[in-house]
Amino acid sequence: MLVSVSTMPAGNNYLKYVKEIENFTDFMHLDVCDGVYNQTKCFSVEFAKEINRNSTIPLDCHLMTKNAINFAEDYIKAGANIVTAQIESFETKNEVLKYINFVHDRNALCGLSLEIETKLDEILQYLKYLDIILIMSVKTGKSGQKFDESVILKIKKLAELRQKNKLDFKIEVDGGITEKEAIILKNFGVDIVVSGNFVFSSQNKKDAINLLK
């Protein structure tokens, strides 16, 4: 299983943190909050540019924002390799399809993410167009929350749909994941886990990342 380590717990010391773990993690997870979609505001595009200038690690950008296309454009220019937006931030199907096409046209991988309370039905019609489905196992916008086990049924159903329809998207899960949850998620077909505090608070970050794999 792949690991995408979030910069959120590091705050303004994000670049030092990236240097500390870049040889061990598969992706850096950039939590972008605009203060409109939820109450948190964090991770400017300048931070992404600085990481991209000083590291070769692929950037996994999670947009917890309104106006996903505008943010996608800025972060792709800054070096993002994956761009995932919240399905709840869109008002119409046309907006979602426009966003997916926009990201793919710029040679980035495209994802959609679901809040805990959002049903899979909201994204089923888009599955064949997506590279990543990000399932939130905590509420967006705050690091350090506990993993919500209710999402396991959603993950299981998503993996079954992928197999049944012979689709290629990767399943990513974000929020409160320790080695205990990682084992469970891997068994249910999850491809990528996002880690914030579990890795950041570990004395040996290489070992912590390997435990998640």
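These are my notebook entries on one protein chain, looked up in a predicted model.

**Entry 1: the whole chain**

I began with the overall count. The protein chain holds 8 helices and 9 strands. Its radius of gyration is 16 Å, close to the 17 Å that the globule rule gives for 213 residues, so the chain is as compact as a globular protein of that length. I then looked up the extent of the C-alpha trace, which spans about 40 × 35 × 30 Å along its principal axes.

Next I checked burial and surface. Of the 213 residues, 52% are buried. The accessible surface comes to about 10,300 Å², and 46% of that surface belongs to carbon and sulfur atoms. I also looked at contacts between residues at least 6 apart in sequence; 62% of these join residues at least 24 apart.

**Entry 2: strand E1**

I went to strand E1, residues 2-6. Is it enclosed or open? Buried means under 20% relative accessible area. By that cut-off 4 of the 5 residues of E1 are buried, so the strand is largely enclosed by the rest of the structure.

Which strands pair with E1? One is strand E9, residues 192-195, which pairs with E1 in the parallel sense over 4 bridges. Here I found Leu-2 opposite Ile-192 of E9. Another is strand E2, residues 27-34, also parallel to E1, with 3 bridges. In this pair Val-5 stands opposite Met-28 of E2. I followed the chain from E1 to E2 as well: E1, helix H1 (residues 14-21) and E2 form a right-handed β-α-β unit.

**Entry 3: strand E7**

I looked up strand E7, residues 132-136, in the same way. Here 5 of the 5 residues are buried, so E7 is largely enclosed by the rest of the structure. In a regular strand the side chains alternate between the two faces of the sheet.

E7 has parallel neighbours. Strand E6, residues 109-114, is joined to E7 by 4 bridges, and Ser-113 stands opposite Leu-134 of E7. E7 is joined to E8 by 5 bridges, and the bridge partner of Met-136 in E8 is Asp-174.

**Entry 4: the core**

Nonpolar side chains tend to be buried together in soluble globular proteins. I looked for such a group here. The largest nonpolar core has 66 residues. Those with the most contacts inside this core include Ile-133, Ile-135 and Val-173. I listed what Val-173 touches, leaving aside neighbours within four places in sequence; among its contacts are Leu-134, Ile-135, Phe-147, Ile-155 and Ile-192.

**Entry 5: Ile-177**

Where is Ile-177 found? I located Ile-177 in the loop between strand E8 (170-174) and helix H6 (179-187). Is Ile-177 buried or exposed? Its relative accessibility is 3%, so Ile-177 counts as buried.

I then looked at what surrounds Ile-177. Not counting residues up to four places away in sequence, Ile-177 touches residues including Ser-137, Phe-147, Leu-185, Val-193, Val-194 and Leu-212. Ser-137, Phe-147, Leu-185, Val-193 and Val-194 are also among the contacts of Val-173.

Definitions and conventions
Residues numbered from 1 in each chain as written. Predicted model: local features only at pLDDT ≥ 70, side-chain atom pairs only at ≥ 80, totals over all residues. Heavy atoms only, no water. Buried < 20%, exposed > 50% of the residue type's maximum accessible area, 1.4 Å probe, protein only. Helix = DSSP H or I, 4+ residues; strand = E, 2+ residues; numbered from the N terminus. Pairing = 2+ DSSP bridges. Right-handed = clockwise from strand over helix to strand, strands pointing away. Rg over C-alpha atoms; globule rule 2.2 N^0.38 Å. Contact = heavy atoms within 4.5 Å. Areas by Shrake-Rupley, 256 points an atom, 1.4 Å probe, with all protein chains shown as cover. Core = buried A, V, L, I, M, F, W, Y, C linked by side-chain atoms within 4.5 Å.
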